[in-house]
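This report describes selected features of one protein structure.

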Amino acid sequence: MRFDVLTLFPGLFEGFLQQSLLKKAIDAELIDIQLWNFRDWTKDKHQSVDDTPYGGGPGMLIRCEPVFDCVEAVQAESQHPGKLIMLTPQGRKLDQNLAEELSTEQRLLLLCGRYEGFDDRISQGLKPLEVSIGDFICNGGEVPAMLIIESIMRLIPGVLGDEASAKEDSFSSTGLLEHPQYTRPREFRGMEVPEILLSGNHQAIAKWREEQSLERTRQRRNDLLSGEDLHE
C-alpha cells in the first residue's frame, strides 16, 4: 500500500519512518511512503505558500496554487491517482471502521495543513475525504497523518507478526474494548494474575475474556454499546 504525504514539514517524518514495525514493513515492500513538500510547487523566490485571509482575522491560510499543483503532480506519479485525504478538525472522525475502509485502498494521499488551515477552495476543487482525529486542534496535519498510517498499517496483511493481533484490538471485530491482559510475574506487589488464565481451559478463558471485554466497555466506553448489549 502506498502513502503519499503532502506537507510543509517532511522532516517531521524522518524519525517516524525509522520506527521498528513501520521500517520493517517498508523494507519488506508491504508499505511505500513518499514525502512531498508544497514549497516545491511555488513560483516565487521565497517559496511562499500562505497569505492573509480575506475579510481579516488571525493567522495565515495555505493558498490554492501550490496545493493544487502538488496534488495533481503527485497523483500523476502513478497509474493509480489514489484517494485524497485532507486532515482537518472538521472532517469525519477517525475510528476503526474508517481505518478498515481506508486499508482497502491501493494508495492514499494525505494532505497536511498548517497555520489557520487551507483556503476553502482546496476542499471545493479537489474534493478530498476530510478526516479528523478528534475534537481538538493540532499545530498541523502531520501528526494526524502519522496516526492514519499507524492505524491502517496494522490491517495490511503481513505487517504484524501475528494477524490475530489486529483482530483482537479494541474497536476491532467486536467493536468493544480489549480485555485485560497479563504476563510474568504471576504476582507483583500484591496484584495477582486471574486464576482462570492459568487454568489451561481455553474455552473458559475465551468466555472470561469476552465477559471482561464487555464489562470494561460498559465501564469506560458505554457509548460503544447498543441498547441490546446494555440489557444483556
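The structure is a predicted model, in which local features need pLDDT of at least 70 and side-chain atom pairs count only at pLDDT 80 or more, while totals for chains, interfaces and linings use all residues. Residues are numbered from 1 along each chain as its sequence is written, and side-chain values use heavy atoms, with hydrogens and water left out.

**Strands and crossover**

Helices (H or I, at least four residues) and strands (E, at least two) are DSSP runs, numbered from the N terminus. Two strands pair if DSSP finds at least two bridges between them. Strand E5, residues 83-93, is paired with strand E6, residues 107-112, in the parallel sense over 5 bridges. Within this pairing, Leu84 has Leu109 of E6 as its bridge partner. Between E5 and E6 the chain passes through helix H3 (residues 96-102), and the resulting β-α-β crossover is right-handed; this term applies if, with the strands pointing away from the viewer, the path from the first strand over the helix to the second runs clockwise. E5 also pairs with E7 in the parallel sense, over 5 bridges, and Leu87 stands opposite Val131 in E7.

**Helix H7**

**Salt bridges**

A salt bridge is taken as a side-chain nitrogen of Lys or Arg within 4 Å of a carboxyl oxygen of Asp or Glu. The count by this rule is 13, and the table includes three of these pairs.

| Salt bridge | N to O distance |
|---|---|
| Asp27 and Lys23 | 3.0 Å |
| Glu101 and Arg92 | 3.0 Å |
| Arg218 and Glu215 | 3.9 Å |

Asp27 and Lys23 both belong to helix H1 (residues 20-27), where they lie 4 residues apart, about one turn of the helix. Asp27 is exposed at 55% relative accessibility, whereas Lys23 is partly exposed at 30%. Glu101 is partly exposed at 42%, and Arg92 is partly exposed at 36%. Arg218 and Glu215 are 3 residues apart in helix H7 (residues 202-220) and therefore separated by about one helical turn. Arg218 is partly exposed at 24%, and Glu215 is partly exposed at 35%. Elsewhere, salt bridges with shared partners join Arg2, Asp4 and Arg107 into one network.

**Aromatic pairs**

Rings of Phe, Tyr and Trp (its six-membered ring) pair if their centres lie within 6.5 Å; planes under 30 degrees apart count as stacked, over 60 as edge-to-face and the rest as tilted. The structure holds 2 such pairs. The rings of Phe13 and Phe16 have centres 6.4 Å apart and planes at 75°, so this pair is edge-to-face. Phe13 and Phe16 are both buried.

**A loop residue**

Asn139 lies in the loop between strand E7 (129-132) and helix H5 (142-153). Asn139 is exposed, at 67% relative accessibility. Apart from neighbours within four places in sequence, Asn139 is in contact (heavy atoms within 4.5 Å) with Arg114 and Tyr115. The C-alpha atoms of Asn139 and His80, which are 59 residues apart along the chain, are separated by 30 Å.

How values were computed:
Buried < 20%, exposed > 50% of the residue type's maximum accessible area, 1.4 Å probe, protein only.
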